[in-house]
Each structure stands twice: as structure tokens, then as C-alpha cells.
Number of protein chains: 2
Amino acid sequence: MSGSLREQFEVDLKSIDNTLVEMTRLVGSAMNRATTALLDADLAIAESVITADEQVDALHVDLEERALVLIARQAPVATDLRALIAALRMSADLERMGDLARHVAKVARLRYPESAIPPELHETITEMGRIGVELAVKTGEIIDGRDVDAARGLEDEDDAMDRLHRQLFSSLQHEGEPYPVETAIDVTLIGRYYERFADHAVSVAHRLVFLVTGEY
Amino acid sequence: MSGSLREQFEVDLKSIDNTLVEMTRLVGSAMNRATTALLDADLAIAESVITADEQVDALHVDLEERALVLIARQAPVATDLRALIAALRMSADLERMGDLARHVAKVARLRYPESAIPPELHETITEMGRIGVELAVKTGEIIDGRDVDAARGLEDEDDAMDRLHRQLFSSLQHEGEPYPVETAIDVTLIGRYYERFADHAVSVAHRLVFLVTGEY
């Protein structure tokens, strides 16, 4: 690749990174608002999360197209190619995180004007939402700064999410008057949405570590 | 690309297709056996499904590597590049289908020597398992034969899976003595695993349609 082509390629790669960072911002915001919609039974916020997911989907489609055009036109060397393939995968993870925030918002909408979550489980869900959003934000910083150390640090948050997820199941099976089956179904699905959201964030971070260091 | 390079490239592409077909066979068999393990509370079968998933993961990693090497070495034209990128995505979907079969087997193992599924729900789960396996088999045939019409026909099976998934939730909320919360949790998660398994199969088929026709 000639010098000016190389420069243009770097600009294009950076632009793809910027789109990924923007996607982390959008899915973090979506999960934040979906959690509010769920706990406060706020229909307007739930609707706005559901609608806004189209934006994430559009960014994903656009990023795919740009990455494919770059690969086809520039025939990039191994490292650049791996960066582009990694970007395609991160974009797919982020698109899925958007879907999961939308799923949470849809449960909120389905149960409106009730909250799908019993009051005594609000604290756990609040914490799961907080960690989910934090994972999205950190993932954005990690992509932006190619920050391998921060990426490795995400395991702690992911472990915390898994613990809360298990705690949610234990809480459902408490002593005394059992929860209605509808509540058990809602809480089970929602717990899974948060846990998968965290898994995908960690997956994005892992791909970045692999990209920078060549190691899993 | 020269004639002989072209021929070699076609051979390599076909070999990647063959791996994808092999993966559909493995995940179909895994879901079939996971369903048996779940309904018959068969620990040995559950363990074998859990162990066998490593094979699918290994094929996925190997396919990724081969596709990347092909892209890097051959700098394929747009159509070939799209075929390789599509193969990467199909492989990721199939790898996930393997995970979902493993998840079903893990619930079977967790509840052994009981079945996680109450007797009156066995019929629905049997049918969800049957459709899941059928989707995997058809997806293999579709990849092997580049069969766009068959791919479009998968929607019916996917709709049937969605109907059974909703029916499962209704059954959980039946009149009379409510199910234990543990059962509600297990059935909710398992229902989701089958539904996602079907979604990924349909996603593989959609990627093939896009690849062949250029249309979503």
C-alpha cells in the first residue's frame, strides 16, 4: 500500500472504531433506560428504547458494508484484515446487546402499568442494570484507547453479573408465599437478558485483546 | 486469479461449505440427544452432549482460521469475499446452536435423577426438539445445495417453534395447583434455548439466501 493509501486506510479504520464506540454508547444508554422503564413501569421510556434500537441496527449494517468494501478494495495485510474482521464481530455483539436492551423494554411494555419486577427484587435488577451499563461504557473506552489492561478487568464485572443472576434465581425460590408463575417467567427471562448483555460486552473486550496482543 | 489458483480457491470454498454442513449435523444430533436427556432424565446422554460440544467449537475455530487465511492470501473479489464472510457468520451461528444444545443438556444434568420437565409438558418439548433438529438438518441441506427455495421454507418451522414457545408459557400459567418456581425457571430457560436455536438456524439460511441472490 502506498503512503497516501495507507493514511486513508488508517482514517477508515479509525472511523470504524468510532462507530463501534458510538454503538457502545447507544446500547449502554438503551440498557440504562430499559432498566428504568422496567422498574418504574414507564411506558414512554420503554417505547423510546424499542424505537431507538433501529439506530443501532442501522449502524451495524453500515459498518458491515464499510468493512467489506475496505477488505475488497484494499486487500489488507494480515493485521489489518484481522482488525476489520474483529470489527465485524464486535459490531455483531453490540447489535445483539441492543436487541437485549430492547427485550427488557418489551417486558416493561407488556406488563405496564404494573412493574414486571416485584419490589423486593428491584435492588438486584438495579445493580444488574448498573453493571450492564458500566460494561458498555468501559467497552467503549477499551475500543477507543486499545486498552488491553482495562479489557482484562471486565472479568470482575462479569463475575458480579453472574452472581446477581444466580441471586435472582434464589430470590425467586424464597420461603413463604410463592411468586406467581408469570413473575417467575418474567424475572427468569430478564435475568438472562442482563447476563447475555454482559457476556457480549466481555466478548467485545476479548476480541480487542486478541487483536492487540494476538492472544486469547 | 489464474485458472489453477481459481480451481484451488473453489476447492477451498467447497471444503469450508463441507465443514458448515458437518456442523449442522453435529448441532442437530446434539439437540436431538439433549432433548432425550431432558425428557428421560438420562445423565449419560446429557454428559455426552456437553462433552461433544467441544467438537463444534473446534470446527468453528478451524473454519475461522481457514477463511481468514483464504481472504488474506487470495484477496478474493467481491462475490468470493462475501461468501467467506457469510461462512464466518454461519459458523458463528452454528457454534451458538451447539452452545444452546449444551445448555439444554446442562439443565437435564442439574435436575437428574428428576426430569426438569413436568410430564404434561413433555409433548410440547418433544415437538420443539423435533423442529429444532429438523431446522438443523434442513439448514445443512440448504448450505450443501445452495437451495434458496428451501431456505425460504424454513419460516414455517420457525413460526411453529414460536407458537410452541408461547404455548409453553401458557401451559406454565395453567389453572389449578401452580408449578413450583424452580420448574417455571427451568421451563422458561429451556423454551428460550429451543427458540434461539431455531432463530440461529433461520439466520444461517437467510445468510445463504443473501449470498446467492444478493437480497435479504
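Ala41(A) sits in the loop that joins α1 (3-40) to α2 of chain A; here helices (H or I, at least four residues) and strands (E, at least two) are DSSP runs, numbered from the N terminus. The model is predicted, so to speak of local features pLDDT of at least 70 is needed, side-chain atom pairs count only at pLDDT 80 or more, and totals for chains, interfaces and linings use all residues. Residues are numbered from 1 along each chain as its sequence is written, while chains are lettered from A and ligands numbered from 1 in the order in which they are written.

## Loop residues

Ala41(A) is not a glycine, yet its phi is positive, at about 50 degrees. It counts as partly exposed because it has 18 C-beta neighbours inside 10 Å. The scale behind this term uses C-beta atoms placed from the backbone: a residue is buried if 20 or more other C-beta atoms lie within 10 Å of its own, exposed if 12 or fewer, and partly exposed in between.

In chain B, Ala41(B) lies in the loop between α1 (3-40) and α2 (43-74). Ala41(B) also has a positive phi of about 50 degrees although it is not a glycine. With 18 C-beta neighbours inside 10 Å, Ala41(B) is therefore classed as partly exposed.

| Peptide bond | Omega |
|---|---|
| Tyr112(A) to Pro113(A), cis | near 5 degrees |
| Tyr112(B) to Pro113(B), cis | near 10 degrees |

Pro113(A) belongs to the loop between α3 and α4 (122-145) of chain A. Pro113(B) is placed in the loop between α3 (78-111) and α4 (122-145) of chain B.

## Chain A as a whole

Chain A has six helices and zero strands. Read from the N terminus, the order of its elements is α-α-α-α-α-α. Along the principal axes, the C-alpha atoms of chain A fill a box of roughly 70 × 35 × 20 Å. Of the 216 residues in chain A, 42% are buried.

Two residues are in contact if their C-beta atoms, placed from the backbone, lie within 7 Å. Among the contacts in chain A between residues at least 6 apart in sequence, 83% join residues at least 24 apart.

Two packed helices are described by the angle between their axes and the distance between the axes. Axes are lines fitted to C-alpha atoms, for helices over the stretch in contact, and angles run from 0 to 180 degrees between N-to-C directions.

In chain A, α5(A) packs against α6(A) at an angle of about 165 degrees, and their axes are 9 Å apart. α5(A) is therefore roughly antiparallel to α6(A), a term for angles over 145 degrees, with those under 35 roughly parallel, 65 to 115 roughly perpendicular and the rest oblique. The contact of α5(A) with α6(A) has 16 nonpolar, three polar and four charged residues. In these classes, Ala, Val, Leu, Ile, Met, Phe, Trp, Tyr, Cys and Pro count as nonpolar, Asp, Glu, Lys and Arg as charged, and the others, Gly among them, as polar.

In chain B, the axes of α5 (residues 148-172) and α6 (residues 181-213) come within 9 Å and cross at roughly 165 degrees. This makes α5(B) roughly antiparallel to α6(B). The contact of α5(B) with α6(B) divides into 16 nonpolar, three polar and four charged residues.

## Interface and core

Between the chains, 19 residues of chain A are in contact with 19 residues of chain B. On the side of chain A that touches chain B, the elements giving two or more residues are α2 (43-74), α3 (78-111), α5 (148-172) and α6 (181-213). The largest share of that side, seven residues, comes from α6(A). By class, the side of chain A that touches chain B has 15 nonpolar, two polar and two charged residues.

A nonpolar core is a set of buried Ala, Val, Leu, Ile, Met, Phe, Trp, Tyr and Cys residues joined through C-beta atoms within 7 Å. The largest such core has 128 residues, and Ala101(A) and Ala101(B) have the most contacts inside it. Leaving aside residues up to four places away in sequence, Ala101(A) touches Val27(A), Ala30(A), Met31(A), Ala34(A), Val49(A) and Phe197(A).

## A residue of α4 in chain B

Val137(B) is part of helix α4 of chain B. Val137(B) counts as partly exposed because it has 16 C-beta neighbours inside 10 Å. Its C-alpha atom is separated by 20 Å from that of Thr124(B), 13 residues apart along the chain.
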